Amino acid sequence: MLRFILRRLMLAFVTLAFLLVIVTLIPNIAPGDPARKIAGGTASPERLMQVTESLGLRDSVLTQLQKLATSVFTLDFGDSFSVAAGEPVMSLVWSALGNSAKLVILALIVIVPLSVLGGLVTAYKKDTWIDRTIINVGIAFSAIPDFVAGVFLLAFLAVPVDFFKVQAAAPPGSSPLVQIQHLLLPVIAVLMVYFGYIARVTRAGTITALDSDYARTAFMRGLSIPQVFRKHIARNALQPTVAVLGTQLGYLFGGMVALERVFGYQGVGNLILRAVDRADYPVLRAGVLAVAVIYMLATLSADLLIAYMNPRARQSLGDN
Amino acid sequence: MTVTESHTPEPADLAAAPALAVDGLEMSYVVRGTPRKILRGVTFEVRQGEAYGLVGESGCGKSTTAYAALRYLPSNGVIDAGRVLSGGEELTAMSAIELRKFRAERASMVFQDPVQAVNPVLKIGTQVAEAFQVMGQSKAEARVSALAALERVHIAAPESVMERYPHQLSGGMLQRVVIAMGLACDPTLLVLDEPTTGLDATVEAEVLDLVRELRSELNSAILLIAHNLGVIRTMCDRVGVMYAGRIVEEGTVAEVFDNPSHPYTKGLLNSIPRRGLRKTDSELFSIPGAAPPIGASLPNCTFVDRCPIATDLCRTDVPPIVQRSDGHWTRCHHVDRLDEVPEPEKVTVKYDIGTEQVIGVEGVSKTFRQRGRDVPALVGVNLGFAEGETLGLVGESGSGKSTLAKTMLGVHAPDEGGAITLRGRTMADKATSRIEESVRAISMVFQNPDSALNRAWTVRRILHRSVVKLTGVKGAAADRRVEEIAEGMQLSTRHLDMRPRQLSGGLKQRVAIARAFAGDPEVVVCDEPTSALDVSVQAAILNLLARLQNEERSSYLFISHDIGVVRYLADRIAVMYLGRIMEIGATQTMFEGVNHPYTEALLSAVPSVDGVAENRIPLTGSIPSPANPPPGCVFHTRCHRAIAGLCEVTEPELVELSPGHSIKCHLTVEQLNEPIKADVVATLS
């Protein structure tokens, strides 16, 4: 087990190192002159030179890589150029991460129980109208891109109902409850996208578990339906769900760019997008690396959770 | 569901009432809104302390009846009529809570595959203890009870088993665990649904011994479902023969098996090779046609379409129950004409086995590398196949049978020094580098035709491809050849345009055999080709294989765990253990005595349908891991005749006892002939 974790962490380091190289290369190979983009079209040659210098683009790629690696270990990426000129990159990233975390965690709190419950119910009521209704509604919602759903929610909920807020970010200093109130609409939009997906994964796992002889044995032993689900079905049926959640969690952190835009929310996705727009390479580099680290941590924890749930997975992890 | 009959019985009533009474049970499965009849009035009783067997082909309703005995119905199962009672209480009228209490405290069920029947994510101890917790014991009490329960089923080192997970135990051990759980409540009714079907013959024998022993302790009633008639014969007091959702004959096992009184029972019994029948004596009887599908509307005698002695009366009138002797009855109009049921055809033409060796396995070893360790799966195997000869290959799982087959086929390359030869010429190791003639020479029939055939293709396309690939014939000639082969397999042209899922198991296996014969092979490797099939279908396939062999003069490597089938079809038998041939000889010789101790134990483990009480030699423990074979003779750890100081030191050579009969054993013929010490023999009553 320990060996598995070490191996996975090693793998994560290798991936990060690889990513570091790519992130280093971005400004060097991106079309156009990054310095001109930052300094503006009318900037003097001296000014351009100065910006190029401060971007570190006059160094060799190797030196750049080394500097970036140092930044990773010291957690100091210098200052932002254009997104929030002069502010330390890390403070921007931390605040964006905090915002994303609020949204993602709230979304998970809503999505996971609802869709898992949906999956369990549809599996138990397989092929009935309940099953078909829930699954088909789920599929229909999944087909709508999250930002489109967001726009609709804005139009049909936020505009007429005062309770729902147009801005996902609460005014500074708001109480947690008010913050949650502001986040409700984006969470609903994410729920619409993910409910059908996660419910279907859970449903499939549960049907397999319910069809198994051990579930039959449990019923034959005289256990009640809730007991069978709790003791025998859950740990078997939810393994695929956990695996899916692990990979989706990483995506939710960095990938909700459009949704964050719609609700004017300063999450990581939004930050990276702005950094790309304005060629703010230090912010871009730090943001991409942060998302990568979160992605790896999320999948690793999902794997560990599965190992906890399934002794056979535990064994194969120990072997490898 | 009459109110008057669901009264609470008096205690005295309870003791007298049968542990299970199924009364006129009719059931349907609702498929896409249409109810399809599966049970058409099943009536039988299992008395306290009695073991009752149900036999019949798949789809006849055996398992449905077993589940109905505990009122466990699939969500689309509907009881149309009839009642199920246990100890005088009506299960069919119980509330959900009463039913749960009944299942927790008075009834248990053991399923076919023990690996599936235990929860893979929970420790054995937790699962066994749960069976006791359901009955109201505390966690601590339940643990103590669980340990006792595991001891009762003779599991070695029960404390450590409690802490293990299912995947860390063997199939035989798991089935013991499942039985221990089933016995937790001292059930009045124990339902066993094919409890030994997936297990090796030796493990099967152990599990059956255990059930037999526990039966005498428990006094619980047993309902045993099995398609293996030998298991029913040795385990049960009475047996019911089911056909198309009805019991057509019932009586004591001796009466029913020795004096079958329904054409269906006669057909079933004639389709298995009994009393040492060989392919040279007679064909096997195969009941014509196939069992009707679930939900088919059937004439009054459900068997009429497949019955050799049916008359118009059978279509119009429900056959009466005819008493044959005390407690033995049959549902047939024509009991007086049972003699007219045709006997299997005697084989008159004799075909000789060729003398020239066609395919040779010469000094073949196969060592796999696993995590840096050598795992010898085959060790110095020598075999030869003459033209038209069948070599039976037997041994427990893990003995290397399939590895040998795969090495012959060129899936695995043998270790340096070994070779597969075709008429004296060494073939390339891997099938991919073999020349066309060599590839054609060896073909394979798999156990499960479902996964062996491409489900998206029609039968014609499947056969066509093999013909083109293997013989190079193209176009109209290939089409003709496909039809020829199909005809030889008794497949009609109608079948050629169907896809595998539209065919029954027997027909699918015919397609698989047809494909194997497409390239006119020298040797066909048959890996358990009939073990997934019903006995009457098995009979047809065995007949087909025997006939094809005579016509095509091809040889078979016939791998099977069913000794009776091997005895029927094989000319010679090889016994494998841990990758080594322990004994090889002509079938006749092998069954006449002087065997390797391992063969002796294997042969004694077979439950015989003829009911001859035999002394079983238990094979203790499971087969050792090939990664870590015991020193000396690999079998000495489980041998009942091992000589201390010799067998665990030196590995014996394969010595020829008589021409063609060799064994790998230190013991002399005299020593092998000595009767076995009484304490190692499990005596069956």
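This is a predicted model: local features need pLDDT of at least 70, side-chain atom pairs count only at pLDDT 80 or more; totals for chains, interfaces and linings use all residues.
Just after helix H18 of chain B, B:Gln490 adopts a positive phi of about 60°.

## Helix H18 and its surroundings

Helix H18 of chain B runs over residues 475-488 and has 14 residues; from its first C-alpha to its last it reaches 20 Å, close to the 20 Å expected at 1.5 Å a residue. Which residues of H18(B) are buried? They are B:Val482, B:Ile485 and B:Ala486, and, because the buried residues fall within an arc of 100° when seen down the axis of H18(B), they line one face of the helix. An α-helix has 3.6 residues a turn, so residues three or four places apart point the same way.

On the other side of H18(B), B:Ala476 and B:Arg480 are exposed.

In chain B, 8 strands form an open sheet with mixed pairing, and their order is E6-E7-E8-E3-E9-E10-E12-E11. The edges are taken by strand E6 (107-110) and strand E11 (321-325) of chain B, each of which has a single partner strand, so one side of each is left without a neighbour in the sheet. From one strand to the next, the twist averages 20°.

Within this sheet, strand E3 (residues 51-55) and strand E8 (residues 221-225) of chain B pair in the parallel sense over 4 bridges, and the bridge partner of B:Ala51 in E8(B) is B:Ile222. Helix H8 (residues 171-182) of chain B packs on the sheet, where it touches E6 and strand E7 (189-193) of chain B; the direction of H8(B) makes about 170° with that of E6(B).

## The contact between chains B and A

Between the two chains, 21 residues of chain B are in contact with 18 residues of chain A. Which elements give two or more residues to the side of chain B that touches chain A? They are helix H3 (96-105), strand E6, helix H4 (114-117) and helix H5 (124-133) of chain B, and H3(B) gives the most, with 4 residues. The residues on this side of chain B divide into 12 nonpolar, 4 polar and 5 charged.

Definitions and conventions:
Residues are numbered from 1 along each chain as its sequence is written. Chains are lettered from A and ligands numbered from 1 in the order in which they are written. Two strands pair if DSSP finds at least two bridges between them. Axes are lines fitted to C-alpha atoms, for helices over the stretch in contact, and angles run from 0 to 180 degrees between N-to-C directions. Two residues are in contact if their C-beta atoms, placed from the backbone, lie within 7 Å. The expected span of a helix is 1.5 Å times one less than its number of residues. A residue is buried if 20 or more other C-beta atoms lie within 10 Å of its own, exposed if 12 or fewer, and partly exposed in between; C-beta atoms are placed from the backbone. The arc is that of the directions from the helix axis to the C-beta atoms. Ala, Val, Leu, Ile, Met, Phe, Trp, Tyr, Cys and Pro count as nonpolar, Asp, Glu, Lys and Arg as charged, and the others, Gly among them, as polar.
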